[in-house]
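Work through the exercises below with the sequence and the structure open. Try each task before reading its solution.

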Amino acid sequence: MLALTASTILVSCNSANTTEKKATATKLPNLDTKITQESNFEKDFLPLFKPQTLPFKVSQNIKIQDTIKANEVMQHIILPAGKEKITAFQDFYGENEAMTRKGLEDRFLNQEKNIFMVLNAGFGQRIDLHPDFYTLTFQVIPTFMEGSYAYTYLANFDKKGNMIDAVQIAAQAGYTDRQQFTTTEINAEGQIKIENKSIKRGGFEDGTKDFTEFAYTTYKINPKGKLGIEQELYTGLSGNFVGKESAEIFRIEQHDTRLQVVYQAAPEATEQYQLEVVQFNPSTRTIIAKHPEKDLQFVLTYDQPMKQISAKTSTGKSFSLTRKS
């Protein structure tokens with residue numbers, strides 16, 4: 001839950017090989033409120049979000065116009081997301097609450113004080129998507145000595161200010177040979193249409209080309225306040241595919257000329273194995289992969305939207321896998 005390292009977030013390439021406009025932040029004020037001070041959601045927090053009419057678009061060019069105080073980020077965003085096991089915030093400092101608090105308090109990189117990771121959040125909009133809930137957007141910019149990261153999130157709260165669900169709706173993130181760009185359009189009917197573009201840069205040494213994958217997902221708030229998925233479509237296989245009741249896990253990474261498949265027998269299993277891909281046939285949507293240590297072979301057949309996989313093993317076992325974000 002909520003893990004952040006420069007190697008685990010969806011990222012972009014460095015500034016030397018991209019002409020994309022980097023996300024920027026205005027000069028941030030010093031933190032003037034103790035992080036232990038609590039605020040009232042409806043009285044102190046909600047009014048700071050500017051009402052936004054529908055329809056509107058959320059750009060990948062993310063700027064923080066004003067900062068959310070560190071104590072309010074913890075109280076209304078980070079801790080509730082952890083409590084409700086909301087997986088949208090997988091770009092931060094994980095379950096290490098002390099590190100998250102320190103990142104929010106520091107605000108600025110400072111090598112002399114050994115401050116190499118900071119975290120800033122900014123107020124976005126308040127959107128009327130359902131009469132029974134409050135829907136807010138906010139920006140988050142985690143900053144490291146390397147790379148460039150900026151995100152916008154949409155979160156849904158009940159009338160008491162309890163977070164119910166959240167999703168990433170914009171991103172411009174980059175590190176070494178990967179990029180992520182996400183934009184969103186919310187229409188007049190309250191549908192949240194997200195387009196995610198992920199780029200893996202090719203290499204001069206091995207002659208590989210850039211490989212781009214798109215993911216299109218449409219959400220709408222259901223009567224319980226959850227962000228229900230109405231439609232999903234993927235143009236690439238990269239992602240996590242999980243069996244029923246969180247059994248087998250296959251982590252697939254697609255590149256220009258190759259496919260990597262990592263197998264884990266169950267979520268609690270400590271061992272993960274990179275399978276040998278014997279065959280990858282896009283025309284039949286089939287992957288054949290062998291276990292590196294056992295006499296075991298998997299035949300994986302994926303559907304056209306690249307959301308479901310039917311798996312068979314050489315021992316006669318059959319099971320289904322579903323893509324998980």
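**Exercise 1: the barrel**

Eight strands close into an antiparallel barrel in the order E13-E14-E15-E16-E17-E18-E19-E20; strands are DSSP runs of at least two E residues, numbered from the N terminus, and two strands pair if DSSP finds at least two bridges between them. The model is predicted, with pLDDT of at least 70 required for local features and 80 or more for side-chain atom pairs, while totals for chains, interfaces and linings use all residues. Residues are numbered from 1 along each chain as its sequence is written, and side-chain values use heavy atoms, without hydrogens and water.

Task: How many bridges join strand E16 to E17, and which residue stands opposite Thr286?

Solution. Step one: E16 (residues 273-281) runs antiparallel to E17, with five bridges joining them. Step two: the residue opposite Thr286 of E17 is Asn281.

**Exercise 2: His291**

Task: Is His291 buried or exposed? Which backbone nitrogens lie by its side chain?

Solution. Step one: His291 sits in the loop between strand E17 (286-290) and strand E18 (297-302). Step two: His291 counts as buried because its relative accessibility is 5%; buried means under 20% relative accessible area, exposed over 50%, partly exposed in between (1.4 Å probe, protein chains only). Step three: the His291 side chain reaches the backbone nitrogen of Glu293 at 3.0 Å, and a polar atom of that side chain lies 3.2 Å from the backbone nitrogen of Lys294. Step four: leaving aside neighbours within four places in sequence, His291 is in contact (heavy atoms within 4.5 Å) with Tyr263, Tyr273, Leu275 and Leu296.

Key: Helices (H or I, at least four residues) and strands (E, at least two) are DSSP runs, numbered from the N terminus. A polar contact is a pair of N or O atoms within 3.5 Å; within protein, one must be able to donate a hydrogen and the other to accept it, and residues adjacent in sequence count only if both atoms are side-chain atoms.
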